[in-house]
Amino acid sequence: MSEDQAWRQLLARDGKAGFYYGVATTGVFCRPDCGSRLPLRENTRFFETTEEARAAGFRACKRCKPEEAARPSAVAQMCAYLERQIDRPVRLATLGKLIGVSPFTAQRIFKQAMGVSPSQYQRAIRASALRNQLRDGETSVTTAIYDAGYGSSSRAYEKTPLGMTPGRFLTGGRGEKIGFATAEISGVGNLGWIIVGSTTRGVCWLALGDSREAVEASLRDEFPAAEIAPDPALQKTVAVVVSGICGAGGKQAQSLPLDLRGTAFQLRVWQALQEIPAGETKTYSQLAAEMGIPNSTRAVARACATNRVSVLVPCHRVVGVSGSLTGYRWGVERKRQLLAAERE
């Protein structure tokens, strides 16, 4: 890094400059676009990473907070790079160099903003491309796998976020086995019945309804080509979820394994929903802003509406800008009762 060039970028307050600067007279290091007064040239030190600044004895500025999550532009840079390199793994060192931080910091700020690691994001993008290829129905499974960026067919079958193998996805999930269990919820208003559907990976469907027949129908409608059958072992899972609703087993419910199937963006929103504490609410715009995508409020709302695992992925904790409960896939009155139970 040329110090003369870095100084010129600092004078221009270039927010895209890939460095940090420290001020010898204050012992503080900042981002180049920090709003503090410009230091004298002779008192300025330049660093490629926050770790280098710390090692040199500088502390982080409390105004620009250089060690907090990267600005959206830096995260966007990493996302764009990962998408361009979809057919090959990307090293954290490469991402760190791209935005001017250490590999560890690149991993941390990416996960803070996106809710998943860079490698998980890449896998989700490949899986989304594979879904689109298979849904078109105009190509073979093998061709779709390679066109989606997988280096081999075995890579597509390993840890694939499809929730089923590519061949089964192509046939509408035919042959996929989903077990389920139901129960009537008591002790919390009039929530009605609950159903939990699960693959070997985890819970893939959790719905509320007025009757056992209604919730069973919801599962079959969502996965019409799957092999669906009652699984008595899942009654324990149902009991844990109901206990969490009633306020007793919240932590145990949060630890249940989930089989979430969606696009990279949906997975990111669903992860953000799981981070909202019980008893609290956020507006769709607040959630979008915290995710670093303030102009995507409607897209966030759509992702909430497509959530297949109610309660465990708590989309009921997101409300309208006025505080109104707005729509809810399983009924606004149930949303009201779930929030009331969490606040008691």
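**Figure 1. Side chain of R334 and the backbone oxygen of L191.** In this predicted model, the side chain of R334 comes to 2.7 Å from the backbone oxygen of L191. R334 belongs to helix α16, which covers residues 332-343. With a relative accessible area of 11%, R334 is buried, because the cut-off for that class is under 20%. Apart from neighbours within four places in sequence, the residues in contact with R334 are L191, L208, G209, D210 and Y328.

**Figure 2. Strand β6 and its pairing with β5.** Strand β5 (residues 177-184) and strand β6 (residues 193-198) run antiparallel and are joined by 6 bridges. Two of the residue pairs can be picked out here. G179 has S198 as its bridge partner in β6, and F180 has G197. Are the residues of β6 buried or exposed? In β6, 6 of the 6 residues are buried, so the strand is largely enclosed by the rest of the structure. W193, I195 and G197 point one way from the strand, while I194, V196 and S198 point the other way. The residues on both of these sides are buried.

**Figure 3. The β6-β7 hairpin.** Strands β6 and β7 pair in the antiparallel sense, with 6 bridges between them. They form a hairpin in which 4 residues lie between the two strands. In the turn, G202 has a positive phi of about 155 degrees. Strand β7 is mostly covered, as 7 of its 7 residues are buried.

**Figure 4. L206 and the largest nonpolar core.** The largest nonpolar core holds 55 residues, and I194, L206 and L273 touch the most other members. Strand β7 (residues 203-209) supplies the largest share of this core, 6 residues. Not counting residues up to four places away in sequence, L206 touches I194, I195 and V196, together with V241. The other contacts of L206 are R308, V309, S310, V311 and L312, and also W330. Another core, of 19 residues, lies apart from the largest one, and its members include F58, A74, L82 and I99.

**Figure 5. The open sheet that contains β1, β2, β3 and β4.** Here 4 strands form an open sheet with mixed pairing, and their order is β3-β1-β2-β4. Strands β3 (44-47) and β4 (59-60) stand at the edges with a single partner strand each, so one side of each has no neighbour in the sheet. Strand β2 (residues 28-30) pairs with β4 in the parallel sense over 2 bridges. The bridge partner of V28 in β4 is R59. Helix α1 (residues 3-11) lies across β1 (20-23) and β3, and runs at about 105 degrees to β3.

**Figure 6. T94 in helix α4.** T94 is a residue of helix α4, which covers residues 92-99. Its relative accessibility is 32%, and T94 therefore counts as partly exposed. From C-alpha to C-alpha, T94 and A106 are 9.3 Å apart in space. In sequence, T94 and A106 are 12 residues apart.

Key
Residues numbered from 1 in each chain as written. Predicted model: local features only at pLDDT ≥ 70, side-chain atom pairs only at ≥ 80, totals over all residues. Heavy atoms only, no water. Core = buried A, V, L, I, M, F, W, Y, C linked by side-chain atoms within 4.5 Å. Buried < 20%, exposed > 50% of the residue type's maximum accessible area, 1.4 Å probe, protein only. Contact = heavy atoms within 4.5 Å. Pairing = 2+ DSSP bridges. Polar contact = N/O pair within 3.5 Å; in protein donor to acceptor, adjacent residues only side chain to side chain. Axes fitted to C-alpha atoms, helices over the stretch in contact; angles between N-to-C directions.
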